[in-house]
Amino acid sequence: MAHYEEVTVRGYDEFSQAISERKGKDIFAYFSGNKDAQGKSWCPDCVTAEPVVRGEMTHLPEGSVFIYCQVGERAYWKDSNNQFKKTLKLSGVPTLLRYGTPQKLVEDECFKSDLVRMMFTED
Amino acid sequence: MAALCRCRHRWKRNNCLHVLTRNLTGKYDYDLVVIGGGSGGLACSKEAAQLGQKVAVLDYVEPTAKGTKWGLGGTCVNVGCIPKKLMHQAALLGTAVKDAQKYGWQISGPICHDWATMADAVQNHVRSLNWGHRVQLQDKKVKYLNLRGSLLDEHTVRGLTKAGKETLLTAKNIVIATGGRPKYPTNIPGAMEHGMTSDDIFWMKTSPGKTLVVGASYVALECAGFLTGIGLDATVMVRSIALRGFDQQMAGLVTDYMEAYGTKFVKECVPKRVDKLSSGALQVTWTDTHTGSEHKDTYDSVLWAVGRAPETKALGLDKLGVQLKKESGKIIVGADESTSVPNIFAFGDIGEGRPELTPTAVKAGKLLARRLAGHGKELMNYDNVATTVFTPLEYGCVGLSEEEAEERHGKDGIEVYHAFYKPLEFSVAERDASQCYLKVVCERGGDQKILGLHFTGPNAGEVTQGFALGLQCGATYCHLLQTVGIHPTCAEELTKVNITKRSGLNATVSGC
């Protein structure tokens, strides 16, 4: 039994729902481009980053939440008016952030296991 | 017998084992340990790491008397330049909105400012900078320790957690960049219990309300300035002169503008005591040094801006023989930032005689790191450093004040070109530009080398920066005359200045 809760969501509405149901919790969110039927994302950086992020999840704080969010297809993401860019202010995928704090790792920062570990263990 | 054994065991554990470790490996834990994670410390440690040195940086923030604390980045990021400039901007926007109506914007009613919204946005930005620094250090392989650092010996730094847990680090070189903290007055009852400092104001979640700012430093004036600008009742209590050390004519223009725009000034007065009333408000009693009479008034907040003290007390410097300047308490440093102990260096606000500025600390830190890593011998050049005071009417300057120039060259050895000008944008806004002024202090003979340049007006920092390059290149008044201005700007007036103080002629510039 993991010491954190993992939630999988697709799209902005599901993401907002997941957040609102977990008020007061320490929430980490990882945003990735959608995966195809073979499980491969259209976003090459996301493909590289995911195993790195997953590899550090044992360091997540006790009682925290990890939301894995697929943002949508490439066309949706490229539209600068999409909800993630407009409301959450995401600048790129993959993004790993700690909800409600300025702690964020963007794109190639997510390739670095020590940075991911730093985010999960920092208070 | 038992006692003897106990003693030996203790000595072995604390000292001997440690010495053995060092000797066995033949080297230290780190090439460089930096104490202080502010503008200087971070720049130095990152540069050193980039040059292949093994570096650790210790940063620790002792909470204020009010319990305020903050993250990595030092004074500038957390309780200085950054939040100050953002709040100054908030105030300027308030003025701009008032001007906007004259430019045609239809604004329905009186506008008011919400402190909490501003503070939240500013504090969030600062926190993102704290995080950014954490990521940078990690990325550049600098070991970061959130511990209170002190020196045990010339090569050993001790780090302490809040709970008192100890970590020891040995280093070939040690750099002290611990900066300073605001001073509280020592002889005023109630000062510490009821008042706050610049360390607190930027982290307040609720409005400071009617505020008394004690002091006339740039910290005092900038804070009183933005408080007035966002609509609060702000008073500055000045003991003698404003902006000591700055050109006094310019200082006068800055304070005149502030007074005209609503900041109250209580001059030649010193506070005597601060009491908290049953309503929660603060009652300040002060003495008018001119008449000797006593006065009282009530405020919601009292902000002490009466100087900054260097963070040297808890470093253990006296034990090591690191010399401090008695009057200031700062560390005496050489041109290469060295101290009286060969492998210990100090720079930034902590260094005696150094400007208390971020850019000089950053540059000095990088150059020091390069020298320590054996990459060059370049020393920091502290001459002609441009600065700006971000009061409601900003004041930018580079080089000598008129007083300093007179002292060095004599009144007859300098020529001061000056002008009162009016920013174009003030015209439509019907704003008073009486304090918008500039002067260029030059040598009188020869090419008339520029010794100092002073400017009050909007965006003074942006205006002054480029001219700092000119001074660095040895610009003369002739060069200035050869420079064509950009029109229409305020900065162009600097390229057109031609009336001398000596002539006594009217220095007001007419339009084009």
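**Surface, salt bridges, cysteines and a buried helix face**

B:W105 lies in the loop that connects α4 (81–100) and α5 (115–139) of chain B. In this predicted model, B:W105 has a relative accessibility of 60% and therefore counts as exposed, since the cut-off for that class is over 50%.

The confidence of the prediction was examined next. For the complex, the predictor gives an ipTM of 0.89 and a pTM of 0.92. The average pLDDT of chain B is 94, and 95% of its residues score at least 70. Residues 1–25 of chain B are a stretch in which pLDDT stays under 50. For residues 1–25 of chain B, the model has 10 contacts beyond four places in sequence.

Charged pairs were then considered. Side chains of opposite charge can pair when their charged atoms come close. Over all chains, a search of the whole structure finds 32 salt bridges. One of them pairs B:R148 with B:E62, with 3.2 Å between the closest N and O atoms. This pair links distant parts of the chain, as B:R148 and B:E62 are 86 residues apart. B:R148 belongs to strand β4 (residues 148–153) of chain B, whereas B:E62 is in the loop between β2 (55–58) and α3 (74–79) of chain B. B:R148 counts as partly exposed because its relative accessibility is 27%. B:E62 is also placed in the partly exposed class, at 36% relative accessibility.

A salt bridge is also formed by B:K267 and B:E259, whose closest N and O atoms are 3.2 Å apart. B:K267 has a relative accessibility of 47% and so counts as partly exposed. For B:E259 the value is 34%, which means that this residue counts as partly exposed.

In the salt bridge between B:K411 and B:E406, the closest N and O atoms are separated by 3.6 Å. The relative accessible area of B:K411 is 58%, so this residue is exposed. B:E406, by contrast, is partly exposed, with a relative accessible area of 26%. In chain A, salt bridges with shared partners join A:E6, A:K35, A:E50 and A:R54 into one network.

The cysteines were examined for disulfides. Over all chains, the count comes to 1 disulfide. The disulfide is formed by A:C43 and A:C46, with their sulfur atoms 2.4 Å apart. The torsion about the S-S bond of A:C43 and A:C46 is about 80 degrees, and the disulfide is therefore right-handed. A:C43 and A:C46 are both buried.

A:C69 is too far from other cysteines for a bond, because the closest cysteine sulfur, in A:C46, is 11 Å from its own sulfur. A:C69 is buried, and its relative accessible area is 0%. In chain B, B:C223 is likewise in no disulfide, the nearest cysteine sulfur being that of B:C81 at 12 Å. With a relative accessible area of 2%, B:C223 is buried.

Helix α5 (residues 113–121) of chain A was inspected for buried positions. The buried residues in this helix are A:L115, A:V116, A:M118, A:M119 and A:F120. An α-helix has 3.6 residues a turn, so residues three or four places apart point the same way. Within chain A, the buried residues of α5(A) pack against the strands β2 (27–32), β3 (65–70), β4 (95–98) and β5 (104–106) and against helix α2 (44–55). The buried residues of α5(A) also pack against α5 of chain B.

A further position in chain B is B:E378, found in the loop between α11 (358–372) and β18 (387–389). B:E378 counts as partly exposed because its relative accessibility is 47%. Leaving aside neighbours within four places in sequence, B:E378 is in contact with B:K363, B:L367 and B:R371. Along the chain, B:E378 and B:L42 are 336 residues apart, and their C-alpha atoms are separated by 19 Å.

Conventions: Residues numbered from 1 in each chain as written. Chains lettered and ligands numbered in written order. Heavy atoms only, no water. Helix = DSSP H or I, 4+ residues; strand = E, 2+ residues; numbered from the N terminus. Buried < 20%, exposed > 50% of the residue type's maximum accessible area, 1.4 Å probe, protein only. pLDDT = per-residue confidence, 0-100. Contact = heavy atoms within 4.5 Å. Salt bridge = Lys/Arg side-chain N within 4 Å of Asp/Glu carboxyl O. Disulfide = S-S within 2.5 Å.
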